[in-house]
Amino acid sequence: MLQEIYQPNPHYASTAAIKNMDEYHALMNKAKEDYEGFWGDYAKEKIDWFKPFDTVLNESEAPFYKWFEGGQLNVAHQCIDRHLLTRKNKAAIIFEGDNGDQQVLTYRELAYEVNRTANMFKNQFGITKGDRVVLYMPMIPEAAISMLACAKIGAIHSVVFGGFSAEALRDRIIDAEAKLVVTSDGAYRKGNPYMLKPVVDEALSKGCECVQAVCVVERNGEEIHWEPGRDYAYNELVKNESPKCAAEPMESEDPLFLLYTSGSTGKPKGVQHSSAGYILWAQMTMEWVFDLKENDTYWCTADVGWITGHTYIVYGPLAAGATTVMFEGVPTFPDAGRCWRMVEEYQVNQFYTAPTAIRLLHKTGQDEPKKYDLSSLRVLGTVGEPIDPAAWKWYYEEIGGSKCAIVDTYWQTETGGHMISPLPGATPIKPACATFALPGIIAEVIDEEGNPAPIGEKGFMCITKPWPSMIRTIWGDPERFVKSYFGDCKKDGKPVYFTGDGAMIDEEGYITITGRTDDVINVSGHRMGTAEVEAAIKKHSNVAAVAVVGKPHPIKGEGIFAYIVLKSEESLAEEIELTKEINNIIKKEIGAIALCDDIVFVPDLPKTRSGKIMRRILRSIVKNEEITQDTSTLEDPSIVGKIESIVKSCRL
Ligand code: WT7
């Protein structure tokens, strides 16, 4: 274990937004003494309101908290139009394609593009305030432009990650009752074109009555099917539209977007975010956590299909008036130096990625960083999963030249923005530790009743006061919202937000996230619900029962491990065939991101007499840990030994 403490680089600390721990504590104390004053002041200072808000926080319908009621704003105005006074010719988006394409959009150009697209949505497709628009897009500027165009006219976007299957896309389109789908013919990946439009065609083929039109951006020019009266060419339509478009005045609490994410049970949940609270925190954390300066170039490698892409590629950077880099492709093509070449090329100052990418690049391209000039880097970020000390050290030394702060940012789709993270100019960093809650965020590690977890012992990671960028509800299912997030932990008798993660606090108050306490697997920094994967596997006609658990994986963090009970016993050759069939079903139902790393066929699952599957035992077996659970309550205690020996024989 690395136990060293890394002090902030004094060169950067002197000019950082938060310069030392005293400043941090002063801000935190201000928030604790006058919570509404703290947030109200920032909201006034940071947001260009069309109409000022009346109240800061309304808790009367808790946990349906309302922030900045009475205020009116427009997020696209906040991200683009207001910058035209001072930053009109500054680069807003720098794009680099998998095929080497480059494009730089200034704030002025971005404003024109967003306005044309917003006008197209309005005039050609009849999209108005509150309508839902699904974006199934690759990583091209039009993805960001479409998101901002929705914001401009008050439409609610729901971006679906391009790796999800037609079935998964269809479910999300139907749940959101989307009127319009925006997609592209496809894009490029590892030097080859890949397709998106055919997936949309398939998703809509079984009837999605809500969808009135599909708007297709041309990216790779490959042949695609056109459905007359439904499909429209973005590039043709958009050029006839006016580059001027008035921003729709939005109430603070009007939804900005939905983003579907996995829970421990059931179908993915449409996490609903607000306009004012969301954009406020996106902007503030950009400034604090990445220590953004006016001439910086900032690059987050995420995909816009995830919350990281929403908050830290599009909304946060643009609200803060930054230059944000978007890249299409993968970090290992044309070689494992792609990221470092791009850092040199664009003189990137902040680089933000997932531990899984760091581990991959460490493993496959250890010598690549040395080939490039990485001296522009000032802040390095990680997100999505715990980072292990070995990866941390490589990132710190080889990428950051032992001079950059590493911000290990802990947050979730539901939190909208960072919750716990080092501040680059202030926080003495312990490697692989998310450190402290950001000013204004009241994060506590507690038990179900709200008692603080003893030092060094695991507790529940809760955010015990509402914060502006928090999830507002689950689209169409407010009961599930309350149950999912406010059902487990209480403080002072009142339900508080539980993240689903476990955490530990050390003697100095540093918080280390220990991982999910529920049945959610973290695969390469992406959340995967075991229930979803199990539901897909159960669609195979020969599957009687299935349990899916996470298995530690050297690159991905966790891999997906499935225990399957078949209806009829099969030969080994049959089992190999079945494995393929099952993975094909997963690919069809969810997408390649949910493929199982391992499938084992077992005679039965460890079940209690009431029929509950003891997943903990299954997790222990996969990790090769000693089984500490009491197995005597099982319906058939001998099954544990049988499963263990099957898993062991697979390992050999
Ligand atoms: C889950 C949220 C936040 C954007 C990407 C993932 C895990 C996230 C960290 C971190 C340890 C982390 C948690 C969390 N997680 N960041 N820095 N250290 N774990 O968003 O898909 O909503 O997943 O990712 O388990 O609950 P998400």
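**Close-up 1. Pro 334 and its peptide bond in the predicted model.** In this predicted model, Pro 334 is placed in the loop that runs between strand 17 (323–327) and helix 13 (338–346). The peptide bond leading from Phe 333 to Pro 334 is cis, and its omega is near 0°.

**Close-up 2. A cis peptide bond at Pro 63.** Ala 62 and Pro 63 are joined by a cis peptide bond, for which omega is about 5°. Pro 63 itself belongs to the loop between strand 1 (57–58) and strand 2 (66–67).

**Close-up 3. The backbone at Lys 190.** Although Lys 190 is not a glycine, its phi is positive, at about 50°. The residue sits in the loop that lies between strand 9 (186–189) and strand 10 (192–195).

Close-up 4. In the side chain of Asp 408, an N or O atom is 2.7 Å from a nitrogen atom of the ligand. For Thr 413, a polar side-chain atom lies 2.5 Å from an oxygen atom of the ligand. The ligand taken alone exposes 550 Å², of which the protein buries 95%.

**Close-up 5. The packing of helix 3 against helix 11.** Two packed helices are described by the angle between their axes and the distance between the axes. Helix 3 (residues 35–46) and helix 11 (residues 276–289) pack at an angle of about 90°, and their axes are 10 Å apart. Because angles of 65 to 115 degrees count as roughly perpendicular, helix 3 is described as roughly perpendicular to helix 11. On the side of helix 3, the residues that meet helix 11 are Phe 38, Trp 39, Tyr 42, Ala 43 and Lys 46, while helix 11 contributes Leu 280, Trp 281, Gln 283, Met 284, Glu 287 and Trp 288. By class, this contact of helix 3 with helix 11 has 8 nonpolar, 1 polar and 2 charged residues.

**Close-up 6. The crossing of helix 14 and helix 15.** The axes of helix 14 (residues 355–364) and helix 15 (residues 389–399) come within 10 Å and cross at roughly 75°, and the two helices are therefore roughly perpendicular to each other. Helix 14 makes the contact through Ile 358, Arg 359, Leu 361 and His 362, and helix 15 through Ala 391, Trp 394 and Tyr 395. The contact of helix 14 with helix 15 divides by class into 5 nonpolar, 1 polar and 1 charged residues.

Conventions:
Residues numbered from 1 in each chain as written. Predicted model: local features only at pLDDT ≥ 70, side-chain atom pairs only at ≥ 80, totals over all residues. Heavy atoms only, no water. Axes fitted to C-alpha atoms, helices over the stretch in contact; angles between N-to-C directions. Helix = DSSP H or I, 4+ residues; strand = E, 2+ residues; numbered from the N terminus. Parallel < 35°, antiparallel > 145°, perpendicular 65-115°, else oblique. Contact = heavy atoms within 4.5 Å. Nonpolar A, V, L, I, M, F, W, Y, C, P; charged D, E, K, R; others polar. Polar contact = N/O pair within 3.5 Å; in protein donor to acceptor, adjacent residues only side chain to side chain. Areas by Shrake-Rupley, 256 points an atom, 1.4 Å probe, with all protein chains shown as cover.
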